Amino acid sequence: MRKVVFLLNHGSHWQLKPELYRDPMRFANHLDSLQKEIDRSNETFIDHYKQKYTNPTEPPCWMSLEVSSMGLLSKIFQNLSKSPEKLAITNHFGLKDVTVIENWILCFSTLRNICAHHGRVWNRRLIKIKLPTNPTYLFLNEKSVYPNKLYATLSCISYILKIISPGSTFNDRLKELMKTCPLAQTKEMGFPKNWLEEELWQ
(Lines give C-alpha, C1' and ligand atoms only; values in the text may rest on other atoms or scores of the structure.)
Protein backbone atom coordinates (compact mmCIF):
# COMPACT_ATOMS: atom_id res chain seq x y z
CA MET A 1 0.00 0.00 0.00
CA ARG A 2 2.67 2.48 1.02
CA LYS A 3 4.83 1.92 -2.02
CA VAL A 4 1.88 1.95 -4.44
CA VAL A 5 0.38 5.26 -3.26
CA PHE A 6 3.65 7.15 -3.64
CA LEU A 7 4.50 5.28 -6.85
CA LEU A 8 1.29 6.34 -8.59
CA ASN A 9 1.76 10.00 -7.75
CA HIS A 10 5.54 10.43 -7.75
CA GLY A 11 6.97 7.74 -10.01
CA SER A 12 9.03 4.59 -9.66
CA HIS A 13 11.89 6.29 -7.80
CA TRP A 14 9.93 8.54 -5.45
CA GLN A 15 12.11 7.43 -2.52
CA LEU A 16 14.98 9.41 -4.05
CA LYS A 17 13.14 12.74 -4.30
CA PRO A 18 14.26 15.14 -1.56
CA GLU A 19 11.22 17.39 -2.01
CA LEU A 20 9.03 14.68 -0.46
CA TYR A 21 10.86 14.78 2.87
CA ARG A 22 10.88 17.09 5.88
CA ASP A 23 14.54 17.02 6.90
CA PRO A 24 17.14 17.12 4.07
CA MET A 25 19.96 15.92 6.32
CA ARG A 26 18.01 12.92 7.58
CA PHE A 27 16.94 12.20 4.00
CA ALA A 28 20.59 12.11 2.88
CA ASN A 29 21.55 9.82 5.76
CA HIS A 30 18.64 7.47 5.12
CA LEU A 31 19.41 7.36 1.41
CA ASP A 32 22.99 6.40 2.21
CA SER A 33 21.78 3.64 4.54
CA LEU A 34 19.31 2.40 1.92
CA GLN A 35 22.07 2.22 -0.68
CA LYS A 36 24.21 0.15 1.68
CA GLU A 37 21.35 -2.28 2.25
CA ILE A 38 20.81 -2.57 -1.51
CA ASP A 39 24.53 -3.25 -2.02
CA ARG A 40 24.47 -5.93 0.70
CA SER A 41 21.42 -7.64 -0.75
CA ASN A 42 21.78 -10.97 -2.54
CA GLU A 43 18.26 -10.89 -3.92
CA THR A 44 18.01 -12.07 -7.54
CA PHE A 45 15.83 -9.14 -8.57
CA ILE A 46 18.46 -6.66 -7.34
CA ASP A 47 21.23 -8.44 -9.26
CA HIS A 48 19.04 -8.54 -12.37
CA TYR A 49 18.38 -4.81 -12.19
CA LYS A 50 22.07 -3.96 -11.76
CA GLN A 51 23.01 -6.13 -14.74
CA LYS A 52 20.28 -4.85 -17.07
CA TYR A 53 19.86 -1.18 -16.17
CA THR A 54 22.31 1.66 -15.72
CA ASN A 55 19.97 4.66 -15.67
CA PRO A 56 18.91 5.25 -13.02
CA THR A 57 21.51 3.23 -11.16
CA GLU A 58 19.27 2.80 -8.11
CA PRO A 59 16.50 0.17 -8.30
CA PRO A 60 12.87 1.37 -8.23
CA CYS A 61 10.96 1.70 -4.97
CA TRP A 62 9.37 -1.76 -5.08
CA MET A 63 12.85 -3.29 -5.13
CA SER A 64 14.77 -0.87 -2.92
CA LEU A 65 12.25 -0.82 -0.08
CA GLU A 66 11.82 -4.58 -0.26
CA VAL A 67 15.41 -5.09 0.91
CA SER A 68 15.36 -2.27 3.46
CA SER A 69 15.35 -3.11 7.14
CA MET A 70 12.20 -2.41 9.12
CA GLY A 71 14.08 0.13 11.20
CA LEU A 72 15.16 2.12 8.16
CA LEU A 73 11.66 1.97 6.71
CA SER A 74 10.29 3.47 9.91
CA LYS A 75 12.79 6.34 9.68
CA ILE A 76 12.07 7.00 6.00
CA PHE A 77 8.32 7.03 6.61
CA GLN A 78 8.61 9.31 9.63
CA ASN A 79 10.68 11.82 7.64
CA LEU A 80 8.19 12.02 4.77
CA SER A 81 6.33 15.32 4.73
CA LYS A 82 2.66 15.29 5.60
CA SER A 83 0.96 14.73 2.27
CA PRO A 84 -2.20 13.29 0.70
CA GLU A 85 -0.27 10.05 0.12
CA LYS A 86 0.78 9.76 3.76
CA LEU A 87 -2.76 10.54 4.89
CA ALA A 88 -4.11 7.88 2.50
CA ILE A 89 -1.84 5.28 4.09
CA THR A 90 -2.93 6.36 7.57
CA ASN A 91 -6.60 6.18 6.57
CA HIS A 92 -6.06 2.76 4.99
CA PHE A 93 -5.34 1.44 8.48
CA GLY A 94 -8.38 3.14 9.95
CA LEU A 95 -6.33 5.75 11.80
CA LYS A 96 -6.94 9.50 11.89
CA ASP A 97 -3.52 10.81 12.90
CA VAL A 98 -0.34 10.41 10.83
CA THR A 99 1.80 10.54 13.96
CA VAL A 100 0.11 7.38 15.25
CA ILE A 101 1.19 5.22 12.31
CA GLU A 102 4.67 6.82 12.43
CA ASN A 103 4.92 5.87 16.09
CA TRP A 104 3.60 2.36 15.51
CA ILE A 105 6.14 1.53 12.83
CA LEU A 106 8.93 2.68 15.14
CA CYS A 107 7.55 0.70 18.11
CA PHE A 108 7.05 -2.45 16.04
CA SER A 109 10.57 -2.18 14.67
CA THR A 110 12.03 -1.69 18.15
CA LEU A 111 10.17 -4.70 19.55
CA ARG A 112 11.20 -6.79 16.56
CA ASN A 113 14.86 -5.91 17.14
CA ILE A 114 14.67 -6.79 20.85
CA CYS A 115 13.17 -10.19 20.02
CA ALA A 116 15.63 -10.82 17.18
CA HIS A 117 18.49 -10.35 19.65
CA HIS A 118 16.82 -12.58 22.27
CA GLY A 119 16.27 -9.66 24.60
CA ARG A 120 13.78 -9.84 27.44
CA VAL A 121 10.42 -8.12 27.02
CA TRP A 122 8.43 -9.15 30.09
CA ASN A 123 9.71 -6.38 32.38
CA ARG A 124 11.10 -3.98 29.82
CA ARG A 125 9.86 -0.44 29.42
CA LEU A 126 9.38 0.09 25.71
CA ILE A 127 8.95 3.24 23.63
CA LYS A 128 5.54 4.67 24.49
CA ILE A 129 3.08 3.62 21.82
CA LYS A 130 0.28 6.00 20.84
CA LEU A 131 -3.16 4.50 21.28
CA PRO A 132 -5.53 5.54 18.47
CA THR A 133 -8.51 7.81 18.94
CA ASN A 134 -11.71 6.52 17.31
CA PRO A 135 -10.08 4.06 14.92
CA THR A 136 -12.22 2.70 12.09
CA TYR A 137 -11.61 -0.91 13.04
CA LEU A 138 -12.02 -2.85 16.27
CA PHE A 139 -9.55 -1.89 18.98
CA LEU A 140 -9.38 -2.03 22.77
CA ASN A 141 -12.45 -0.99 24.74
CA GLU A 142 -10.29 -0.47 27.82
CA LYS A 143 -7.66 2.08 26.83
CA SER A 144 -6.27 2.76 30.30
CA VAL A 145 -3.26 0.56 29.67
CA TYR A 146 0.42 1.34 30.11
CA PRO A 147 1.65 2.65 26.74
CA ASN A 148 5.28 1.73 27.51
CA LYS A 149 4.57 -1.91 28.34
CA LEU A 150 4.35 -4.90 26.04
CA TYR A 151 0.58 -5.38 26.11
CA ALA A 152 -0.09 -2.00 24.48
CA THR A 153 2.28 -2.72 21.59
CA LEU A 154 0.90 -6.24 21.12
CA SER A 155 -2.62 -4.80 20.96
CA CYS A 156 -1.59 -2.46 18.16
CA ILE A 157 0.12 -5.32 16.33
CA SER A 158 -3.08 -7.37 16.60
CA TYR A 159 -5.07 -4.42 15.22
CA ILE A 160 -2.77 -4.09 12.19
CA LEU A 161 -2.66 -7.84 11.52
CA LYS A 162 -6.45 -8.05 11.38
CA ILE A 163 -6.26 -5.59 8.47
CA ILE A 164 -3.26 -6.84 6.52
CA SER A 165 -3.53 -10.55 7.34
CA PRO A 166 -7.07 -11.54 8.37
CA GLY A 167 -6.07 -15.20 8.57
CA SER A 168 -3.24 -14.56 11.01
CA THR A 169 -2.97 -16.91 14.00
CA PHE A 170 -1.16 -14.28 16.07
CA ASN A 171 -3.97 -13.91 18.63
CA ASP A 172 -4.37 -17.64 19.16
CA ARG A 173 -0.64 -18.23 19.53
CA LEU A 174 -0.28 -15.35 21.96
CA LYS A 175 -3.14 -16.61 24.13
CA GLU A 176 -1.60 -20.08 24.26
CA LEU A 177 1.78 -18.62 25.16
CA MET A 178 0.30 -16.47 27.92
CA LYS A 179 -1.16 -19.59 29.59
CA THR A 180 2.41 -20.55 30.48
CA CYS A 181 3.30 -17.12 31.84
CA PRO A 182 3.49 -16.47 35.62
CA LEU A 183 0.93 -13.93 36.85
CA ALA A 184 3.65 -11.60 38.11
CA GLN A 185 5.17 -11.41 34.64
CA THR A 186 1.76 -10.92 33.05
CA LYS A 187 1.25 -7.89 35.26
CA GLU A 188 4.74 -6.57 34.48
CA MET A 189 3.93 -6.76 30.78
CA GLY A 190 0.87 -4.58 31.32
CA PHE A 191 -1.80 -7.20 30.65
CA PRO A 192 -5.09 -6.25 32.40
CA LYS A 193 -6.81 -9.02 34.35
CA ASN A 194 -9.70 -9.16 31.89
CA TRP A 195 -7.71 -8.76 28.69
CA LEU A 196 -9.11 -11.94 27.17
CA GLU A 197 -12.59 -10.44 27.30
CA GLU A 198 -11.59 -7.77 24.80
CA GLU A 199 -13.11 -8.31 21.34
CA LEU A 200 -9.73 -7.49 19.83
CA TRP A 201 -8.40 -10.81 21.13
CA GLN A 202 -11.33 -12.95 20.06
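Pro56 is located in the loop that joins helix H3 (44-52) to helix H4 (61-64). The structure is a predicted model, in which local features need pLDDT of at least 70 and side-chain atom pairs count only at pLDDT 80 or more, while totals for chains, interfaces and linings use all residues. Residues are numbered from 1 along each chain as its sequence is written, and side-chain values use heavy atoms, with hydrogens and water left out. The chain has 10 helices and zero strands; helices (H or I, at least four residues) and strands (E, at least two) are DSSP runs, numbered from the N terminus.

**Overall form**

- Read from the N terminus, the elements follow the order α-α-α-α-α-α-α-α-α-α.
- A box of roughly 60 × 35 × 35 Å, taken along the principal axes, is filled by the C-alpha atoms of the chain.

**Backbone features in loops**

- The peptide bond from Asn55 to Pro56 is cis, and its omega is near -5°.
- His118 is placed in the loop between H7 and H8, and its phi is near 60°, a positive value in a residue other than glycine.
- Most residues other than glycine have a negative phi, and most peptide bonds are trans.

**Packing of H5 with H7**

- Helix H5 (residues 70-79) packs with helix H7 (residues 98-116) at an angle of about 165°, and their axes are 9 Å apart. Axes are lines fitted to C-alpha atoms, for helices over the stretch in contact, and angles run from 0 to 180 degrees between N-to-C directions.
- H5 and H7 are therefore roughly antiparallel to each other. Angles under 35 degrees count as roughly parallel, over 145 as roughly antiparallel, 65 to 115 as roughly perpendicular and the rest as oblique.
- The crossing of H5 and H7 is left-handed, a term used if the near helix is turned anticlockwise from the far one by less than a right angle, whereas clockwise is right-handed.
- On the H5 side, the contact (heavy atoms within 4.5 Å) is made by Met70, Gly71, Ser74, Phe77 and Gln78. On the H7 side, it is made by Ile101, Glu102, Ile105, Leu106, Phe108, Ser109 and Arg112.
- By class, the contact of H5 with H7 has six nonpolar, four polar and two charged residues. Here Ala, Val, Leu, Ile, Met, Phe, Trp, Tyr, Cys and Pro count as nonpolar, Asp, Glu, Lys and Arg as charged, and the others, Gly among them, as polar.

**Packing of H6 with H7**

- The axes of helix H6 (residues 84-92) and H7 cross at roughly 75° and come within 9 Å.
- H6 and H7 are therefore roughly perpendicular to each other.
- Lys86, Leu87 and Thr90 of H6 make the contact with Val98, Ile101 and Glu102 of H7.
- This contact of H6 with H7 comprises three nonpolar, one polar and two charged residues.

**Packing of H8 with H9**

- Helix H8 (residues 150-164) and helix H9 (residues 170-178) pack at about 150°, with axes 10 Å apart.
- That angle makes H8 roughly antiparallel to H9.
- Leu154, Ile157, Ser158, Leu161 and Lys162 of H8 meet Phe170, Asn171 and Leu174 of H9.
- In the contact of H8 with H9, five residues are nonpolar, two are polar and one is charged.

**Cavity and pocket**

- On a 1 Å grid over the protein atoms alone, a cavity is a set of points where a 1.4 Å probe fits but cannot get out, and a pocket is an open set with protein on both sides within 12 Å along at least five of seven lines; lining residues have an atom within 4 Å of a point.
- The count comes to one cavity of 30 Å³ or more.
- The largest cavity holds about 40 Å³ of space; grid points are joined across faces, edges and corners, and a volume is the space filled by probe spheres set on the points.
- Its lining consists of Gln15, Tyr21, Phe27, His30, Leu31, Leu34 and Ile76, and the largest share, four residues, comes from helix H2 (residues 24-40).
- The second largest pocket contains about 360 Å³ of space.
- Of the 17 residues that line the second largest pocket, Thr186, Phe191, Pro192, Lys193 and Trp195 lie nearest its centre.
- The largest share of this pocket's lining, three residues, comes from H10.
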